[in-house]
There are 2 protein chains.
Amino acid sequence: MPTDDELLELAERVGSKARTAKITIGTAESCTGGLVAHLVTEVPGSSAYFRGSLVTYADQVKVDLADVPEATLAAHGAVSAQVAVAMAEGARSRLGADVVVAITGIAGPDGGSDDKPVGLTYIAVADDRGHDVQKHVWDQDRAGNKRLSAAAALTLVIDRLASRAP
Amino acid sequence: MPTDDELLELAERVGSKARTAKITIGTAESCTGGLVAHLVTEVPGSSAYFRGSLVTYADQVKVDLADVPEATLAAHGAVSAQVAVAMAEGARSRLGADVVVAITGIAGPDGGSDDKPVGLTYIAVADDRGHDVQKHVWDQDRAGNKRLSAAAALTLVIDRLASRAP
């Protein structure tokens, strides 16, 4: 599981790359509950590139604030690749950010099912060129699953920013 | 400075009181950057009472997503009692939450001035009965100021929920 120092180092790398590329970033978070935004804003000067976050814990907030279509939620469930992508794209528009990473998953200990076990997490990144989405199944406790999701989300942003470099 | 365990204990007390009172909560965060939402969602089962958070780091996001009037920002600045209250009231409506706590401040190390030093922080809580707002001037580093703000915000919610009890 990533340590505090490792998480902070990932956030610093996000900041370094965002500054270099003159790119603004944002997050849309369900299961991580704001942890990714918290880590990004631990970095001094992050207000230069961080626009903000939509922590859309309740499904209705996903719809109202991140513009996730109700039909997408109904068809695929809140923990799905489709909702992760919709959160990222909706938040990108709402926050006015160049790159947004979105996380939706089941942190546990409750909420799992046969189809969607505790630890199942989708992470999507969106920018003006499109989106990527990842599926993970973490095996830690609630706090550990949140941290693993945060590390993966920050890494996905770093990779996306690197792929945009000239 | 509050320890991890002390912060988590405050989040657990928020959860216990919200469950007992059947009250939903949300946060609107600027300088804390999502830390309060992260702490609230460390508690298993918090999805029963936590609606979400607007992490409004950029001023335009405060306007667009938390409905902070541009005139209020222009007249008082983003770090002001007036903006803290506007964030809390705007987010309460946007998130559909019964009680919202909002935090705006200067975490540092940059951004301070003679009038508004690093550490200056306003924390507001709003519910259907009105609002309260507090002013603090913290004296820690960026990470410490965020933690002190988070502890004060959680405490303000606990007090508000206690004051609503029959």
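**Close-up views of a predicted two-chain model**

**View 1. Helix H3 of chain A lies across strands from both chains.** Contact here means that the C-beta atoms of two residues, placed from the backbone, lie within 7 Å. Axes are lines fitted to C-alpha atoms, for helices over the stretch in contact, and angles run from 0 to 180 degrees between N-to-C directions. Helices (H or I, at least four residues) and strands (E, at least two) are DSSP runs, numbered from the N terminus. This is a predicted model: local features need pLDDT of at least 70, side-chain atom pairs count only at pLDDT 80 or more, and totals for chains, interfaces and linings use all residues. Residues are numbered from 1 along each chain as its sequence is written, while chains are lettered from A and ligands numbered from 1 in the order in which they are written.

**View 2. Helices H3 and H5 of chain A pack together.** H3(A) covers residues 59-66 and H5(A) covers residues 81-95. Their axes are 9 Å apart, at an angle of about 45°. H3(A) and H5(A) are therefore oblique to each other. Angles under 35 degrees count as roughly parallel, over 145 as roughly antiparallel, 65 to 115 as roughly perpendicular and the rest as oblique. H3(A) brings A:Lys62, A:Leu65 and A:Ala66 to the contact, and H5(A) brings A:Met87, A:Gly90, A:Ala91 and A:Arg94. These residues divide into four nonpolar, one polar and two charged. Ala, Val, Leu, Ile, Met, Phe, Trp, Tyr, Cys and Pro count as nonpolar, Asp, Glu, Lys and Arg as charged, and the others, Gly among them, as polar.

**View 3. Helix H3 of chain B has buried residues.** They are B:Val61, B:Lys62, B:Leu65 and B:Ala66. Seen down the axis of H3(B), they fall within an arc of 105°, so they line one face of the helix. The arc is that of the directions from the helix axis to the C-beta atoms. A residue is buried if 20 or more other C-beta atoms lie within 10 Å of its own, exposed if 12 or fewer, and partly exposed in between, with C-beta atoms placed from the backbone. Just after H3(B), B:Asp67 takes a positive phi of about 60°.

**View 4. Strand E1 of chain A is largely enclosed by the rest of the structure.** Five of the five residues of E1(A) are buried. A:Ile25, A:Thr27 and A:Glu29 lie on one side, with A:Gly26 and A:Ala28 on the other. E1(A) pairs with E2(A) in the parallel sense over five bridges. Two strands pair if DSSP finds at least two bridges between them. A:Gly26 has A:Gly52 as its bridge partner in E2(A).

**View 5. An open sheet of ten strands takes in both chains.** The order is E5(A)-E4(A)-E3(A)-E1(A)-E2(A)-E2(B)-E1(B)-E3(B)-E4(B)-E5(B), with mixed pairing. The edge strands are E5(A) and E5(B), and each pairs on one side only. E2(A) and E2(B) pair in the antiparallel sense over five bridges. A:Thr56 has B:Gly52 as its bridge partner in E2(B).

**View 6. Chain B touches chain A.** The contact takes 30 residues from each of chain B and chain A. On the side of chain B, E2(B) gives the largest share, seven residues. That side divides into 14 nonpolar, eleven polar and five charged residues.
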